[in-house]
Amino acid sequence: MCIGIPGQIVALHENQPDHAWAQVCGLRREVNIALVCEGDRETLIGCWVLIHVGFALSRLDEHEALDTLAALHAMEEVEADVALFLGAGESR
């Protein structure tokens, strides 16, 4: 199963123009934003994106992102793979 997780873009990468930092379940992760960047990169800060294997695949509205995160957190109680994906056991 492939799974994408919502993350919120919190900063732009200083040295790589196609990369940014996203807040994902309390962790800050580097993501490639080339697929969702349309024009000025600065406009992505604060936006929610769907992330899969380090790539922001699409933009999400906040409501959709939060609903998806809630569903994933509900799944982590029964699916060990989802818990690992959401960062269980990682330092935050």
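Author: This is a predicted model. A place to start is Trp48, which stands opposite Leu60 in strand 5.
Reader: How many bridges do strand 4 and strand 5 pair over, and in which sense?
Author: Strand 4 and strand 5 pair over 5 bridges, in the antiparallel sense. They form a hairpin with 2 residues between them.
Reader: What is the phi of Val53 in the turn?
Author: About 40 degrees, a positive value. Val53 is a residue other than glycine, and most such residues have a negative phi.
Reader: Is Val53 buried or exposed?
Author: Val53 has a relative accessible area of 64%, which is over the 50% cut-off, so Val53 is exposed.
Reader: What about Cys25, where is that?
Author: Cys25 is in the loop between strand 2 (19-24) and strand 3 (27-32). Its phi is also positive, near 50 degrees.
Reader: Buried or exposed, for Cys25?
Author: Cys25 counts as buried because its relative accessibility is 14%, and the cut-off is under 20%.
Reader: Changing topic. Which residues have the most contacts inside the largest nonpolar core?
Author: Ile9 and Ile33, in a core of 20 residues. Strand 1 (5-12), strand 2, strand 4, strand 5 and helix 1 (62-75) each supply at least two residues of this core.
Reader: What is Ile9 in contact with, leaving aside its neighbours within four places in sequence?
Author: The list includes Trp21, Val31, Ile33, Leu44 and Val49.
Reader: And which strand 4 residue is the bridge partner of Ile5?
Author: Ile51 is the partner of Ile5. Strand 1 and strand 4 pair over 4 bridges, in the antiparallel sense.

Terms used:
Residues are numbered from 1 along each chain as its sequence is written. This is a predicted model: local features need pLDDT of at least 70, side-chain atom pairs count only at pLDDT 80 or more; totals for chains, interfaces and linings use all residues. Side-chain values use heavy atoms; hydrogens and water are left out. Buried means under 20% relative accessible area, exposed over 50%, partly exposed in between (1.4 Å probe, protein chains only). A nonpolar core is a set of buried Ala, Val, Leu, Ile, Met, Phe, Trp, Tyr and Cys residues joined through side-chain atoms within 4.5 Å. Contact means heavy atoms within 4.5 Å. Two strands pair if DSSP finds at least two bridges between them.
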